[in-house]
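Hi,

Here is the structure I promised to pass on.

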Amino acid sequence: EQAAALIAKIATRAYEHQSPLSPSSAALLVSTPAELRTPDTNQTLRATLEPFLGSALVTGAVLAHLGPATWSLARLATNRDEQVTLLRQACDEADRWNLRLWSIVCMRDLAVLTGDEKLAATAREKAAGTQLEILL
């Protein structure tokens, strides 16, 4: 309960202050377990991230890469069709930006959501022989 309240408080601050770190903060909060985010918190996070749809999220001077904003928005999607559309876009963005880690993560998530075994196999091939295999 404390964790959920803290997540909601940080999400609200990120939205209200619209600082340069707001989208990165929102993306980090999206990575928390869904059970710790209320529907209102998810809406606040979406509102913070939606202006960055199609952008890569980084913190600091590229100290950490949080992947495509589209991937974070897909995790907040309220229906399956929206989630599939956003994950497909996130896969395209990760590939276009040559973000191997995020390409694999996005493909994995889309494959799980859609049951697409061919996509899952492609993700495994991209990760083969690297430490990224642990993601699959």
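Below is what I found when I went through it. Keep in mind that this is a predicted model.

Let's start with the core. The largest nonpolar core has 32 residues, and L45, L49, L57, W71, W102 and L110 are the ones that touch the most other members. At least two residues of this core come from each of α1 (2–17), α2 (22–30), α3, α4 (69–76), α5 (80–96), α6 (100–114) and α7 (117–127).

Helix α2 is mostly covered, with seven of its nine residues buried. Those are S22, P23, S24, A26, A27, L29 and V30.

The side chains of N42 and R37 are joined by a polar contact of 2.7 Å. Leaving aside residues up to four places away in sequence, N42 touches R37 and L76.

Most residues other than glycine have a negative phi. Q18 is not a glycine, yet its phi is positive, at about 45°. You'll find Q18 in the loop between α1 and α2, where Q18 is partly exposed at 42% relative accessible area. N98, also a residue other than glycine, has a positive phi near 60°. N98 lies in the loop between α5 and α6 and is exposed, with a relative accessible area of 68%.

Cheers

Key: Residues are numbered from 1 along each chain as its sequence is written. This is a predicted model: local features need pLDDT of at least 70, side-chain atom pairs count only at pLDDT 80 or more; totals for chains, interfaces and linings use all residues. Side-chain values use heavy atoms; hydrogens and water are left out. A polar contact is a pair of N or O atoms within 3.5 Å; within protein, one must be able to donate a hydrogen and the other to accept it, and residues adjacent in sequence count only if both atoms are side-chain atoms. Contact means heavy atoms within 4.5 Å. A nonpolar core is a set of buried Ala, Val, Leu, Ile, Met, Phe, Trp, Tyr and Cys residues joined through side-chain atoms within 4.5 Å. Buried means under 20% relative accessible area, exposed over 50%, partly exposed in between (1.4 Å probe, protein chains only). Helices (H or I, at least four residues) and strands (E, at least two) are DSSP runs, numbered from the N terminus.
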